Amino acid sequence: MAKKKNNKILHSVRYLAMEILEAIETEGAYSNILLNATIEKEKLDAKDAGLLTTLVYGVTQRKLTIDYGLEPFIRSPKKLENWVKNLIRLSVYQMVYLDKVPDHAVLFEAVEIAKIKGHVGISKLVNGILRNVQRNGLKDWQQIENPTQRISIGASVPEWLVKKFVAERGLEKTEALFFSLLTAPYISIRVQNASELNKVIEDLESSGIQVEKSPLSPVGLRVLSGKIVDSPLFKDGTITIQDESSQLVALLGSLKPVDYVLDACAAPGGKTTHIASFIDSGLVHALDIYDHKIRLVRENAKRLQVSEKIKTHILDAKNAEETFEKDTFDKIFVDAPCSGLGLMRRKPEIKYGLTPNTFNQLQKEQLEILNAVVPLLKKGGRLVYSTCTLAKEENQEVVKRFLSGHSNMQSLAIDWEDYNLPSQVITAEGMVEISPEQFGTDGFFICIMEKKK
């Protein structure tokens, strides 16, 4: 009987969530990858998969807030084992931020997990801490007087990162940015053929899936209710899941049906398949350094029915000159490896893993890629540089340094009306800069450059 009980707890959603949180913290694992693997391995139904996802993202998103709130109740937090910390965080998150699970159920399961993972002594410690939280509530971060510390704790963002953004954007905008990340992301889809946008809306709504047009992307929709991956339109490649901000990259390429295109950092293929939708007699060469990521590009291309327009290569973009001749491509897209700060809403663990040196290290790699591919661009050809980060070191500074070393390249100012974009995403220099609080999307940066004729 006891063994059956143990097995049940070891496969419970809370136990699984605790294990994932520990792996994220101690092994640097990615939340989305671990969640997908766990849901598949444990064969969780939709309800349990949803709860597991909520717990892992919720605790990760609010880790600093919860730890601050727990300070009065834990005498020596550094002496606690990581799994105990995460069990307490997990339980507190349910008690404070979720309203469908009664406190007594949270307490009971936390104590049972503590007994099985540890021993009776730990279970008593966990029980005592949680009952104190239940009686007294968490320490209130809103009473913090120092504004950067208040944002750091309240929005759960490392203080050095808050200070960096306050210095660049000011206090008010920084506060709006980081607190906006606590709201859940939209599921957004891109319509592969823009002319079918209204028909797709009608078809989805007739099958019970509610959507609305994106306020940012002219080819995007937001899913308000319904499971989009079960839709026949998803299965036949009429639509695909892609964040609204990244949907703008291919649009800004001003692609023509005959264009010969290099997508230098292609995986997982969302932008590649979008690029291919504009191509007829041309071709898209898609590069990535990992075999498993190139497979994702091929799978996406097959589902979206553009395989014949895409040729994939397992190739580091920095070595592209070994495969392609100079002056080959009409358009080159570099969606560069970056710190991913614009994805903090979807991948909250990102904000804890960065250091002040991260941005400059990545800038070096971003410049290496741009320098490697630019000889392959035809005169008059267009180079589209994009990232999903908010760090100027990886965006404007990369463009500035790249252009200073290539007198044959120039930046092209983007006119929002030409691309049917909201005017507020265009910077004074004519680049696209999307901050997550503006439209509830990922943060993104895009700059168009051209090789002089």
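I take the expected span of a helix to be 1.5 Å times one less than its number of residues. Helices (H or I, at least four residues) and strands (E, at least two) are DSSP runs, numbered from the N terminus.

**Entry 1: the model**

I note that this is a predicted model, in which local features need pLDDT of at least 70 and side-chain atom pairs count only at pLDDT 80 or more, while totals for chains, interfaces and linings use all residues. Residues are numbered from 1 along each chain as its sequence is written, and side-chain values use heavy atoms, with hydrogens and water left out.

**Entry 2: helix α4**

I checked the length of helix α4 (residues 46-61). At 1.5 Å a residue, its 16 residues should span 22 Å, and the end C-alpha atoms are 22 Å apart, which agrees. I then asked which residues of α4 are buried. Buried means under 20% relative accessible area, exposed means over 50%, and partly exposed lies in between (1.4 Å probe, protein chains only). The buried residues include Ala 49, Leu 52, Leu 55 and Val 56, and Gly 58, Val 59, Thr 60 and Gln 61 are buried as well. Their cover includes α2 (13-27), α3 (31-42), α5 (63-70), α6 (82-97), α9 and α17 (350-353).

**Entry 3: Glu 22**

I looked up Glu 22, which is found in helix α2. Contact means heavy atoms within 4.5 Å. Leaving aside neighbours within four places in sequence, Glu 22 is in contact with Glu 27, Asn 82, Trp 83, Asn 86 and Lys 117. I also recorded a distance: the C-alpha atoms of Glu 22 and Thr 174 are separated by 29 Å, and these residues are 152 apart along the chain.

**Entry 4: helix α16**

I repeated the length check on helix α16 (residues 291-303). Its 13 residues should span 18 Å at 1.5 Å a residue, and its end C-alpha atoms are 19 Å apart, which agrees. The buried residues of α16 are Ile 294, Val 297, Ala 301 and Arg 303. These pack against α13 (232-235), β4 (239-241), α15, β6 (283-288) and β7 (310-314). Just after α16, Gln 305 takes a positive phi of about 60°.

**Entry 5: aromatic rings**

How many aromatic pairs does a search of the whole structure find? I recorded seven. Rings of Phe, Tyr and Trp (its six-membered ring) pair if their centres lie within 6.5 Å; planes under 30 degrees apart count as stacked, over 60 as edge-to-face and the rest as tilted.

The rings of Trp 141 and Phe 179 have centres 5.6 Å apart and planes at 25°, so this pair is stacked. Trp 141 lies in the loop between α8 (120-136) and α9 (147-155), and Phe 179 in helix α11 (residues 171-180); the pair links distant parts of the chain, 38 residues apart. Phe 179 is partly exposed, with a relative accessible area of 23%.

Tyr 385 and Phe 445 form an edge-to-face pair, 6.4 Å centre to centre with 70° between the planes. Tyr 385 lies in strand β9 (residues 377-387) and Phe 445 in strand β12 (residues 444-451), so the pair ties together parts that are 60 residues apart in sequence. Both Tyr 385 and Phe 445 are buried.

I also found one aromatic cluster formed by Tyr 260, Phe 324 and Phe 329.

**Entry 6: charges over rings**

A charge sits over a ring if NZ of Lys or CZ of Arg is within 6 Å of the ring centre and within 35 degrees of the ring normal. The charged end of Lys 63 sits over the ring of Tyr 352, 4.4 Å from its centre. The charged end of Arg 222 sits over the ring of Tyr 186, 3.8 Å from its centre.

**Entry 7: the UniProt record**

I consulted the unreviewed UniProt entry, which places a "binding site" at positions including Ala 266, Lys 271 and Asp 335. UniProt positions are given in the numbering used here, feature names are shortened, and annotations may be inferred rather than shown by experiment.

Ala 266 is found in the loop between β5 (260-263) and α15 (270-276). Ala 266 is buried, with a relative accessible area of 5%.

Asp 335 is found in strand β8 (residues 329-335) and is buried, with a relative accessible area of 18%. A polar contact is a pair of N or O atoms within 3.5 Å; within protein, one must be able to donate a hydrogen and the other to accept it, and residues adjacent in sequence count only if both atoms are side-chain atoms. The side chain of Asp 335 makes such a contact of 2.7 Å with that of Lys 271, and one of 2.6 Å with that of Ser 386.
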